[in-house]
Amino acid sequence: ARDEGARHQAMSDRQRAFDLLFRHLLEQVLSQDGPALRIGIFQAEAHAALHTLSSHARVRELALQSQFKPQVNLLGKMGLPVSPTLTGAFDLILFVPSKQRRESLGALAHLAGLLQPDGQVWLCCANDLGAASYEKHLRLLLGRVAVLSKAHCRLCWSLSPLAPDPLVQARWLAEAAPTQVPGTDFKTLPGIYGWNQF
């Protein structure tokens, strides 16, 4: 019962983080005049705001990424296309980290390489799941970062000019890469349950 309660709490934390991401995007950014944006959402989850975003005049393209079958199915039921990867250059990428730090830092390092020169990564995390730590990590990778704390979450975004630290980026990508399981032909990677229990 305790594990089930923790799982539901984690889900509500992620939902809160997505709520803050989408609210800030719609109310503080897309409500202003400006060019149409190509927006990517990494590890996207079904949310009512996605319909608003997909049809917004200032959204040139909304690209959703997920490899989690239940969310892929829910997004499909909403009529929204989903891809297992994000490709191309984005003006803005939204990301809610998972509970696995190495997986999330590897994702951040990857996403930083998918931005236009003046693009931004927006990361939002519940305070209880390490929001302050992720703010520090984002600063380490991208340098200048803005922060908004609200609804028990912390929203952080990179500031132009974008200049990812190449050594940090390479280290995080390497730490999130598949690892050979000793004595087998199998590989594992951060994010899989018990990925390092061998």
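Predicted model: local features only at pLDDT ≥ 70, side-chain atom pairs only at ≥ 80, totals over all residues.
1. Cys-125 is in no disulfide, and the nearest cysteine sulfur to its own, in Cys-153, is 7.5 Å away. A disulfide is a covalent bond between two cysteine sulfurs, and the cut-off used here is 2.5 Å.

2. What about Cys-153? Its closest cysteine sulfur belongs to Cys-124, and because the two sulfurs are 4.8 Å apart, they are too far from each other for a bond. Cys-153 is buried too, at 0% relative accessible area.

3. Now for the rings: the whole structure holds three aromatic pairs. One of them is Phe-18 with Phe-22, a stacked pair with 5.7 Å between the centres and 25° between the planes. Both residues belong to helix H1 (residues 2-29), and because they are four residues apart, about one helical turn separates them. Phe-18 is buried at 1% relative accessible area, and Phe-22 is buried at 1% relative accessibility.

4. Another pair is Phe-42 with Phe-95: the centres are 5.7 Å apart and the planes are at 65°, so this one is edge-to-face. It links distant parts of the chain, with Phe-42 in strand E1 (residues 37-42) and Phe-95 in strand E4 (residues 90-95), 53 residues apart. Both of these phenylalanines are buried.

5. One last thing to look for: which ring does the charged end of Arg-38 sit over? That would be Phe-90, with the charged end 4.0 Å from the ring centre.

Definitions and conventions: Residues numbered from 1 in each chain as written. Heavy atoms only, no water. Buried < 20%, exposed > 50% of the residue type's maximum accessible area, 1.4 Å probe, protein only. Phe/Tyr/Trp six-rings, centres within 6.5 Å; stacked < 30°, edge-to-face > 60°. Helix = DSSP H or I, 4+ residues; strand = E, 2+ residues; numbered from the N terminus. Lys NZ or Arg CZ within 6 Å of the ring centre and 35° of its normal.
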